[in-house]
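Thanks for making the time, everyone. I would like to walk through one structure with you, going from the whole chain down to two residues.

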Amino acid sequence: MKTCRWFKKGLYAVCFLFFVLGISVSFQGAARAGVQEPYLNDGAQLSYGVFLLSDGDLRGAAREFQRLIEEFPASPLLPKAQFNMAEALFKAGHIRDAERNFRFFISNFGAREPLLQARAVERVNEAMRIRPPIKAFEGRRKAGLPVVMLEPEPALPPSTESLRAVQVMLFGGKGIEDVSGEMRRLKQAGVNTVIFRVFHNEGDRFHRGVAPPADKRSGVYFNTLRAPVVADILSGVAEAAHRNGLKIFAWMTTRYADYGIEGREELQCKGYDIGMGGGGLTRCKGLDLFNDAAARRIDGIYSDLAEYEIDGVLFQDDLVLRHNEGFGKYAAALFRKETGEGLRPEAMYLRSADTDAVQYTPLFWKWAAWKNRRLLHVANTARAAVKKKRPEAKFAINLMYESVSNPANSLAWLSQSLGAAVKEGFDYYSIMAYHRQMASELSKNPAEVKALIEKIAADASRTAGDAGKVLIKFQTVDWETGQPLSNGEVAELIRAVKGLKGISLAVVPYRRDFPFYELGESGGPARARFKRGAGAVARLD
């Protein structure tokens, strides 16, 4: 039986060791002996907020200081969090909320923070000159700390075509006509897009009908001279999708597209082994995305992919760098060129004698944000390579749910940022809202997870400015056991999110027994058409 190296807060989404499907799309981690679980304590949370404040992301900074107050209510850093939240609000133009928070700070912490108190009094006086005073807080001590809810960014009416998608690791049919029949049934159920796997990692099951080549353990399912070709099947699948009125997105790797060149050391990712006594660099999985030769290789592969009749691309969730990945000579040279600072891993991590947890310095946050910009640059150049041949192609980028629910953790552990991705103008932001995974990681019950997913969908829609651009993905298989989840369990979540007008939805992985009409029309004709097609599909088994 296959096993998977699970990393808490890691890429569960792509560690698909499905005993049912036989798929092994696994991420093995960077410094294998040195991967440390990140833990954002109050100090790291404060330093992240300070980084955002200095970087000009005022609303984000205010939210992160508020997160410290909410999650670490006994922290000795509360005074700084309270003051900095007020300062971020003031600079963002939320004068009334800022004045309120400065007054809370003076009341609760002023006596033990005299220097900050003096600055807070100056801000209150300045706020009173700008806006009428808030008399409700004058002359009385206020117990506790405030929770300021910033007015959310207004979401624009959906203008992007909403996706109703299935992400396909394997179709059930053995031949293209069988696959076409499955697609016909998807269309009848209200699905409008198929996201089809066009890469093959070692250990994956081959697409049905593909004879396993003896000399290729990994590669791609389309013609290219830049990577091993397992089989050229994309043309037939794309034609079948279009024949049945479906769009097809190619689901493709980036960083892990080192197929055939795994032994070329200069192209391989470099990580920092935090667990070593004096620290040290070690090889990590995939390409070194700071090496322009590696980036050009990706662009070439995507250019060849664009020769096919695809409607879009989903970037696999290997477009990440963990908190100890992204070092080496190419990263160091580029970091110095673009920031003027040296890439010194020993200056980024703090370790205490009584715990294995890793804390982060201000330099770490600067580096993490810089890595995120590089990842988005790689995505942009690959997108440009495709659009030269297919100007109308759409692009979706995979993001962990924490990119919405916990931006600090997302940036620290994966170098991901939804806000930064939105600024790059992708067509869809694919949020991996995998409920079983979330329940396990966050120790939440089903009702709490459901509420969190609804909030993630709403928050992501506001950040994107268009609900149609947000693709919420639901798991149909338990990642840990490989067993199919009950249709009702998944459908309940889909119905909850589908109430957000214009939101895009997808299930992963494709399961022929799933009621796909839950994605499209509710009940009625779609349900009937789906059930009429079930008999034909059943005959494929």
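Predicted model: local features only at pLDDT ≥ 70, side-chain atom pairs only at ≥ 80, totals over all residues.

**From the whole protein to two residues**

If we take the contacts between residues at least 6 apart in sequence, 72% of them join residues at least 24 apart.

Let me turn to H200, which sits in strand β5, covering residues 199–200. Is H200 buried or exposed? Its relative accessibility is 1%, and because buried means under 20%, H200 counts as buried. As for what surrounds it, once the neighbours within four places in sequence are left aside, H200 is in contact with R205, F206, R217, S218, G219, Y221, V230 and Y259. One of these, Y221, also has a polar contact with H200, in which the two side chains are joined at 2.8 Å.

The second residue is N409, which is found in helix α12, residues 407–414. With a relative accessibility of 5%, N409 falls under the 20% cut-off and therefore counts as buried. How far apart are N409 and A44 in sequence and in space? They are separated by 365 residues along the sequence, while their C-alpha atoms are 9.8 Å apart.

Methods:
Residues numbered from 1 in each chain as written. Heavy atoms only, no water. Helix = DSSP H or I, 4+ residues; strand = E, 2+ residues; numbered from the N terminus. Buried < 20%, exposed > 50% of the residue type's maximum accessible area, 1.4 Å probe, protein only. Polar contact = N/O pair within 3.5 Å; in protein donor to acceptor, adjacent residues only side chain to side chain. Contact = heavy atoms within 4.5 Å.
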